[in-house]
Every structure is written in C-alpha cells, then in structure tokens.
Amino acid sequence: MTDDRRYEVEVTASPGAAWHALTDPDTVRRYYYGTSPRTTWEVGSAIDFVDDAGDVQLTGEVLEFDPPRRLAHTFIATWYGERDDQGSLHWEVAPTAAGARITLVHRGARAESREGSETSGGSREIIEALRDLLGAA
C-alpha cells in the first residue's frame, strides 16, 4: 500500500533563497539529516544524498528541475544497506506576501516497510527544519 503525503510551510525568505536552500549542498546538509545532494540537477540524472562519511543514504533520479519553482526526484532509501523504493519527492516554491511557501509532496510512500514507516515523520522533520532555517512566516 502506498500513500501520498503533503507538507507545507511558509517562510520569510524570498523564493530565491528558498530555492537555494533546496539545491545548495552545504545548506541542504543543515536540515536534511546531515546529508547533501550530489547531482547535476539535469532531468534523468542521478541524485544521491550523501552523509559526511561518504555513504549514500538516499538515491534516485531527477524527475523535474524548474528553477526556482519545482524540483522532483525519485526516492530510494538506502540507509539500512538495502534499496527500498519510497516513491518520489516533489518540492514546489511559490511567492507569498511574506516571502515564500514551500510544499513537499511525498508520492508513493510505502508505509509498511521499515524505511517507509520512518519517512512520514522524517519528511515532516525535514520541512520543519527548513522552515526554521529560513524563518517561519
């Protein structure tokens, strides 16, 4: 069984700053469990979220890259040493009067797997840490 999970935050940062926070490896590391993306951002290219030891914790393929609005990639959890397909992550940045709205939709999450049971809370923690980093609106 899979499900789609939607998370949304509003921040005081500009849409450009929000986009930078989603794509800059050093910034991503600050809120994404100590991992940073390694990719060319080209649609169809690989994306790996790598920890400080160089281990790939999450891998996938870039599905969409439309700066500064939309970013999507498949999500294969590897943090237990196995590949567990957890669907895809879809990020969207939209301007607001106060700054930006950041939406994360996790499509096709498989809650019955060990990794999947962790992704619901994990996605919420990631977007809330991103909100805290960029300033809650």
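Helices and strands are DSSP runs, a helix having at least four residues and a strand at least two, and both are numbered from the N terminus. On that basis, the protein in this predicted model has three helices and seven strands. Along the sequence, these elements follow the pattern β-α-α-β-β-β-β-β-β-α.

The protein consists of 137 residues, of which buried residues make up 46%. Its accessible surface comes to about 6,700 Å², and carbon and sulfur atoms contribute 47% of that area. Among contacts with a separation of 6 or more, 48% are between residues 24 or more positions apart.

H90 belongs to strand β6, which covers residues 84-95. Because buried means under 20% relative accessible area, H90, with a relative accessibility of 17%, counts as buried.

The surroundings of H90 can be described through its contacts. When residues up to four places away in sequence are not counted, H90 touches L63, L71, A72, T103, L104, V105 and R107. One of these residues, R107, also has a polar contact with H90, in which the two side chains are joined at 3.5 Å. A further polar contact, of 2.7 Å, links the side chain of H90 to that of S88. The side chain of H90 is therefore joined by polar contacts to S88 and to R107, while H90 itself counts as buried at 17% relative accessibility.

Notes: Residues numbered from 1 in each chain as written. Predicted model: local features only at pLDDT ≥ 70, side-chain atom pairs only at ≥ 80, totals over all residues. Heavy atoms only, no water. Buried < 20%, exposed > 50% of the residue type's maximum accessible area, 1.4 Å probe, protein only. Contact = heavy atoms within 4.5 Å. Areas by Shrake-Rupley, 256 points an atom, 1.4 Å probe, with all protein chains shown as cover. Polar contact = N/O pair within 3.5 Å; in protein donor to acceptor, adjacent residues only side chain to side chain.
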